[in-house]
Amino acid sequence: MELKAFYEAVGGNAAAVLERFPSEGMVRRFLHKFSADPSYAELKAALEQSDLLTAFRAAHTLKGTSVNLGLETLFLAASDLTEALRGVAQMPQQSLVEAVDDAYQTVLTQLGQLEA
Amino acid sequence: MKRTGSGCAGRVCALLLLLLCWVQMLTPAANAAQTRQKIRVGFFAFDGYHTIDENGVRSGYGYEFLRMISRYLDVEYEYVGYERGWDDMLDMLAAGEIDLVTSARDTPERLEAFAFSKPIGTSSAMLTTRSDNKELASMDYKGYDGIRIGVLEGNSRNQDLQQFAEEHGFSYTPVYFELYTELEQALQSGQVDAALTSSLRQIENERVLDYFAVEQFYAIVRKEDTELLEQLNYAIDQLDAVEGDWKNNLNNKYYFHWEERNLSFTQQEQELIRQYASGEKELVVSVCMDKKPYAYIENGVAKGILLDYFEKLAEYVGVPYTVVASADREEYIQWCENENVANAFLDGRFANDQQAEEKGKAITTPYVTMRMALLTRRDFDGQINRLAVSDGQGLFGIEDGLATDSERVRVESREDAMQAVLDGDADATFVYLYTAQQFVNQDERGLLTYTMLEEPTYDYHISFASNVDRALSGIFTKAIYAMPTGTFENIASEYTSYKAGDTDLFTWFKIYPGTGVAICAILFLLCLFALLLFERQKVVRIEQKRAAELQIFADQAERANRAKSDFLANVSHDIRTPMNAIVGFANLMEHELDDQKRLQEHIQKIRFSSQHLLSLVNDVLDMSQIEANRITLAEEPICLTEQIQQVEQITRVDAAARAQTFEVRVHPFVHDQVEGDGVRLRQVLLNLLSNAVKYTQRSGSVSLEVMELPMKRGGDYAKYRFVVTDNGCGMSEEFLTHIFEPFERSEASVTNKIQGTGLGMPITKSLVDAMHGEIRVNSEVGKGTCFAVELPFKQITVKREEAEMPSVEEALHGKRFLCAEDNALNAEILAEMLKVYGAECKICLDGEQLVETFQNAAPGTYDAILTDVQMPNMNGLEATRAIRASGHPQSKIIPIIAMTASAFVEDVQRSLDAGMNAHVPKPINAVVLMQTVRNLCETAGAADAHEEGSAEA
């Protein structure tokens, strides 16, 4: 699959990402590393246990990683969730979590079709 | 207040009367609505058939059909199931969840289950592939063998495909999808090679391979709904009787697309192409070479826009060819007639098709519409007394229509004609547009100008000799249609655009022989002198620079302090207002801890006041810096298109929240890459745009228009105009005179509700001033406002930068960085980016680690520090202060670069205040990072060298 098609599918702009990175190979390599990054799993586990501080940190990390790799839909969802978790004592709205879930799953699915 | 009792009573009476009238008017209407029959329509999403766009507007064949029949029926619709697929519709209809669904074909099992209307259109099975798929050609069934075809679950078209495949002897693997959107996505991502749907789907980036199994389709209802069926058939009869060829019209409206054109070559065509490619046949191309820059001879080589364009066509088709050039126009005309030298002519111009037919030529579709221009001197007074006409040109006969009474100056060629205008021997000449453009751009003194003519225009075809295979014209027509839009114009601009390199020394001498020599001599002497001076003062210079910098810092600090205290006095009122609100509501909340609803409400108010206070403080700080002239503008490479896009994105959100239309018009730039301060540019534009949005009513409109202004050639700067227009509440004339003074705010009653610090405009004005630009405003109360900002930016000339700076690779090779980044994956990306440029790095996960690692490192271990600002344990600012205070030999001099996601000026300032040297925005851009690092390392290197030097002395 072309990188362009991948970014179109997950929400993002391949050209903008390629401009920031020295090579396309590097983008592809780190996209695949992204699927192995534990932040998302940590976020889900923390929310499961209502551990809001850990959830906030994980969401923040996910936000930082996704923006760096230009995964815009995921980044926007993770940003919203991060803000909802910042310094609060209650669980975030389920819809915010679902938005992150959806975006993350889309990225994983599309990654399955993107050659390293 | 003058209001009498009787007046008041009168008003109440009038109001009651009005109310009564209103109720009476309302009643019959309400009754009518109750009796109207409501039909629940299955409205499954299918692009082109049932579509709802982002604004909620419905369209499509199916939707228009419903609207059309409602002209003849007293019904209203409820649209159900947009998120569902076609096969759900049948279940829903059977279960009574909907009453009607359209687009059904009459399969036996459906005829059994439902009642069918009269036909409402024809559809077929449609097999498509991605438009850039070159392997699949229409009707080349051998090529279909073994492909993966995406199909929709439960679609009756799937059987048609099976049959179609059997008939044409190919096999395929079906891949099933629930929704057509998934199918489209799979086709675009390459998961399947082709897609099968009904032809009622609108396609984008797809090419149709085949249509088959053409059949009529119908509206269907439940069998027992006989009354509804009768109504439908009645309305369809009406459509047939009244609305003419409505089915075809709807079809054309929704499904006919130019992109659908099948541009792949047929087998016959491929065979012919093969004959040319293998050398069996030969394509010899010619064009009259008297049309610079379209077609001309330079140093014995045939060149020009037409030839370059044809090269692209021939490349697309895959045929080789030879170009032959005639000695002159007469010979060329002979060639065209005798067809013995060349068999393809690029400037085929015919009054009509019959003319081509009579000459036995096969012509392609026109590939360019040639426009004409009137070339004059700049001081042309509009009156053509003497018109230059070249020999070949008289054929056009334009001058007879447009310059009847003028004297004719006969010259040999178009160049001579233009030269005659330049030399003043003639007032004007008519030439082709790009000919004029190129000549004007080459005229160093800028004495010439041209005006494009609307009429006449000439269509150019490729014309093939009568002795070649006619199919060649079809093949090249396909190639012409396949060229991306703008291909011709892009080629033309390469020929006509002004190139700085054209002004060589030679040209200079030609134009200004005396001055040229003198200037050169002076320049040479100056260079020598400067070189000597530079060498001698190198060391002294750095020392002086440091002292001067210290003095500047001291001065600035003092001035900034003074400005700040002045300002604080001025804004005390503005700050006190939100502060009072915050304290007041906090007090209230203490007494209402049990009342959730009120608490929520008051928290909201506190938040609102705090945000206002924050923006006020930010503005004050910004203003104080500007007032203290402490504002330093970055000079970094920026891409204007990108800057505008960023601003557009932010404004679009705000405008959408107020249901305003927001339009951005960017006229193409000559220079898109410039040097300037992106943050400040965005700040200016956002200030204007956010004001426009804020002071414009809901559903109003706001627009941003950007264009590059023409500048004197050869300068370093490009100038741009940004115009922000709205149709909002506007400003009074009196207010306009103070708009750029601090703490002025329009106090018309409408705007009272609007919070603002009153500093936005003064800041904007100061920033524009600092950028050496201009700002103007036009406004009328109740009508709207228009701000126009003009800003110059330095053009980027790549050469200069290369000369002054070592390349990124050179500068970074072997450098060692100490980095702090708490996000593990991002840290890895950073390390890898540095590695690409031959640099190494050590990663720390927070500020504490960073400080510790730095302190324990031997002096010289690291060349620079890169740090995130937000980190756990110790943030980047604290870490920087700790490093600067650590007493390590490099503590004061090691460059520290912040990596920050915040674009706020004050955040950047804070990082500089903490002792950092520069910042790069996140997400990290390798090029920006490398350039920043390089620039800093260069300066640090110079400082190092200086310190070592002074230690020895």
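**Exercise 1. At what relative accessibility does Arg157(B) sit, and does Arg157(B) count as buried or exposed?**

Keep in mind as you work that this is a predicted model.

Step 1. Start with the number: Arg157(B) has 2% relative accessibility. The cut-off for buried is under 20%, so Arg157(B) counts as buried.

Step 2. Now look for a charged partner. The side chain of Arg157(B) meets that of Asp160(B) in a salt bridge, at 3.2 Å from N to O.

**Exercise 2. Find the salt bridge between Glu339(B) and Lys361(B), and work out where its two ends sit.**

Step 1. Take the distance: the side chains of Glu339(B) and Lys361(B) come to 2.8 Å, N to O.

Step 2. Locate each end. Glu339(B) is in the loop between helix 12 (329–338) and strand 16 (344–348) of chain B. Lys361(B) is in the loop between helix 13 (353–358) and strand 17 (362–363) of chain B. The two are 22 residues apart, and the pair links distant parts of the chain.

Step 3. Check burial. Glu339(B) comes out buried, at 11% relative accessible area, and Lys361(B) is buried at 9%.

Step 4. Over all chains, the structure holds 41 salt bridges.

**Exercise 3. Describe how chain B meets chain A.**

Step 1. Get the area. About 1800 Å² is buried between the two chains, with 55% of it coming from carbon and sulfur atoms. On the chain B side, Leu825(B), Ile829(B) and Pro923(B) supply 28% of what that chain buries against chain A, more than any other three residues.

Step 2. Tally the polar side of things. Between chain B and chain A there are two salt bridges, and eight residue pairs are in polar contact across the interface, both residues being at pLDDT 80 or more.

Step 3. Ask which elements do the touching. Helix 28 (824–836) and helix 32 (926–952) of chain B each give at least two residues to the side facing chain A. Helix 28 has the largest share, with seven residues.

Step 4. Sort that side of chain B by class: nine residues are nonpolar, six polar and three charged.

Step 5. Zoom in on one salt bridge. Arg29(A) and Glu832(B) meet through their side chains at 2.0 Å, N to O. Arg29(A) is partly exposed, with a relative accessible area of 40%.

**Exercise 4. Identify the largest nonpolar core and the residues with the most contacts inside it.**

Step 1. Recall the background: in soluble globular proteins, nonpolar side chains tend to be buried together.

Step 2. Size it up. The largest nonpolar core has 69 residues, and Leu283(B), Tyr367(B) and Phe476(B) have the most contacts inside it. Helix 11 (residues 305–317) of chain B gives the most to this core, eight residues.

Step 3. Follow Tyr367(B). Leaving out residues up to four places away in sequence, its contacts include Leu306(B), Tyr309(B), Leu346(B), Ile462(B) and Phe488(B).

Step 4. Find the other core. Apart from the largest one lies a core of 59 residues, including Met26(A), Phe56(A), Leu114(A) and Met899(B).

**Exercise 5. Work out which residues of helix 7 of chain B are buried, and what they pack against.**

Step 1. List the buried residues of helix 7 (residues 180–189): Tyr180(B), Leu183(B), Glu184(B), Ala186(B), Leu187(B) and Ser189(B).

Step 2. Find their neighbours. These residues pack against strand 6 (114–130), strand 7 (147–152), strand 8 (172–177), strand 9 (194–198) and strand 10 (206–222) of chain B.

Step 3. Check the end of the helix. Just after helix 7, Gly190(B) takes a positive phi of about 85°.

Conventions. Residues are numbered from 1 along each chain as its sequence is written. Chains are lettered from A and ligands numbered from 1 in the order in which they are written. This is a predicted model: local features need pLDDT of at least 70, side-chain atom pairs count only at pLDDT 80 or more; totals for chains, interfaces and linings use all residues. Side-chain values use heavy atoms; hydrogens and water are left out. Contact means heavy atoms within 4.5 Å. Buried area is the accessible area (1.4 Å probe) that two parts lose on being put together, summed over both. A salt bridge is a side-chain nitrogen of Lys or Arg within 4 Å of a carboxyl oxygen of Asp or Glu. A polar contact is a pair of N or O atoms within 3.5 Å; within protein, one must be able to donate a hydrogen and the other to accept it, and residues adjacent in sequence count only if both atoms are side-chain atoms. Helices (H or I, at least four residues) and strands (E, at least two) are DSSP runs, numbered from the N terminus. Ala, Val, Leu, Ile, Met, Phe, Trp, Tyr, Cys and Pro count as nonpolar, Asp, Glu, Lys and Arg as charged, and the others, Gly among them, as polar. A nonpolar core is a set of buried Ala, Val, Leu, Ile, Met, Phe, Trp, Tyr and Cys residues joined through side-chain atoms within 4.5 Å. Buried means under 20% relative accessible area, exposed over 50%, partly exposed in between (1.4 Å probe, protein chains only).
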